[in-house]
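This report covers a ligand site and a nonpolar core. The sequence and structure come first.

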Amino acid sequence: MNPSTDLLERPLRDLRISVTDRCNFRCRYCMPKEIFGDDYAFMHGSELLSFDEIERLVSLFVGLGVRKVRLTGGEPLLRRGLPELISRITAIQGVEDLGLTTNGLLLGSQAQPLYDAGLRRLNISLDALNPRRFGYMNGRGIKPEQILKRIDYARSIGYKIKINMVVQKGMNDMEILPMADYFRERGITLRFIEFMDVGNDNGWRQDYVVSQDAILKKLRTRYELEPVHHGVYGEVANYYRHAGTDTEVGFISSVSNSFCSSCTRARLSSEGKLYTCLFATEGYDLRSLMRRGADDAVLLQAIKRTWEHRLDQYSDERGEDDQPQTRKGKINMSYIGG
Ligand code: SAM
Ligand code: SF4
Ligand code: SF4
């Protein structure tokens, strides 16, 4: 079957799967604890897509063009039995790349079993090296040292690692240079992510965003950086190399320099809804279809139709609008997967 393309000629290439809506952190820009408190109604086990369902869907998505799969959440390492899911996905013919995005806290016990199951690439989120600042940002007082130790451990096993840092003005922009120093010394790619207006609960404001240009300017006070073009269609990050080294820094500048025109990503929420944009307000309920007994042909048609009707380009349309919430009813990132 030919790869599906949407109404803006964008092929379906990537699938991001949220394997749980729960998290052991309460990052203020994602799951602020005032909203995700003790009585927050997270999903029950039976509401989550089962491994059989995920495996089945991944195979169908591959038939429509998907080559890259990423597991995310919530915190994906909280999903029980994850190594089994990894080995099932790596066994699917056509999946060329499988990655996982994590806050890293549970890597101490999970890095090895996941590696043994076939996982090779990790994106680990870390927003600051200062303990008080990081503890405040993650909402749980977790110390950066705890994550740094696990990064070293995962590296020693053999993982390819990238670090993600969400930058917010007045919160952690003073950490840009210390973080760049730390990861440059270790030869690890650090990616700076512009603070996004995902969901409706994270207090986003345009003036909290630190743009790629501003970050780059700061970095260039200390380093010589050369642009690098990886030439990968659908790549969301821009990369620069520290001159004279192989170490890169990346930028995911979805606010100041959006990349909707080459966005090839579909997202599956933990309860099996298909979203064609991170800022979507509605998803297509594939779980219900599966649990009503739909066969593969019906499911395939549903996915294909959803992708082929896609017109999403939220970040491009956001433009210069600096209103706090430009669209109501957006889905939270912990639910849809970042
Ligand atoms: N819990 C895992 C983690 O933190 O890596 C995976 C899920 S998290 C939603 C995925 C990524 O989204 C993380 O790198 C996180 O920093 C980023 N993220 C969450 N909220 C964000 C926001 N408002 N703006 C930009 N990035 C955000
Ligand atoms: Fe949890 Fe990741 Fe969201 Fe932080 S960014 S609250 S670690 S899901
Ligand atoms: Fe893709 Fe939507 Fe983000 Fe644009 S706003 S890059 S369409 S996920």
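## Basis

This is a predicted model, in which local features need pLDDT of at least 70, side-chain atom pairs count only at pLDDT 80 or more, and totals for chains, interfaces and linings use all residues. Residues are numbered from 1 along each chain as its sequence is written, chains are lettered from A and ligands numbered from 1 in the order in which they are written, and side-chain values use heavy atoms, with hydrogens and water left out.

## Ligand site

Ligand 1 is surrounded by 20 residues (a heavy atom within 4 Å). The closest are Gly 74, Ser 125, Met 196, Asn 202 and Met 333. By class, the shell has eight nonpolar, 10 polar and two charged residues; Asp, Glu, Lys and Arg count as charged, and Gly is among the polar residues.

Polar contacts are pairs of N or O atoms within 3.5 Å. A backbone polar atom of Gly 74 is 3.0 Å from a nitrogen atom of ligand 1. Oxygen atoms of the ligand lie 3.2 Å from a polar side-chain atom of Tyr 29 and 3.2 Å from a backbone N or O atom of Thr 102. The protein buries 95% of the 550 Å² that ligand 1 exposes when taken alone (Shrake-Rupley method, 1.4 Å probe). Strands E3 (97-102), E5 (160-167) and E6 (189-194) each give two or more residues to the shell (strands are DSSP E runs of at least two residues, and helices H or I runs of at least four, numbered from the N terminus).

## Nonpolar core

The largest nonpolar core has 111 residues, of which Leu 71 and Leu 219 touch the most other members. Such a core joins buried Ala, Val, Leu, Ile, Met, Phe, Trp, Tyr and Cys residues through side-chain atoms within 4.5 Å, where buried means under 20% relative accessible area (1.4 Å probe, protein chains only). Helix H1 (residues 51-63) gives the most to this core, with seven residues.

Not counting residues up to four places away in sequence, Leu 219 touches Ile 176, Leu 177, Ala 180, Phe 192, Leu 225, Val 249 and Phe 251 (heavy atoms within 4.5 Å).

How values were computed: Buried < 20%, exposed > 50% of the residue type's maximum accessible area, 1.4 Å probe, protein only. Polar contact = N/O pair within 3.5 Å; in protein donor to acceptor, adjacent residues only side chain to side chain.
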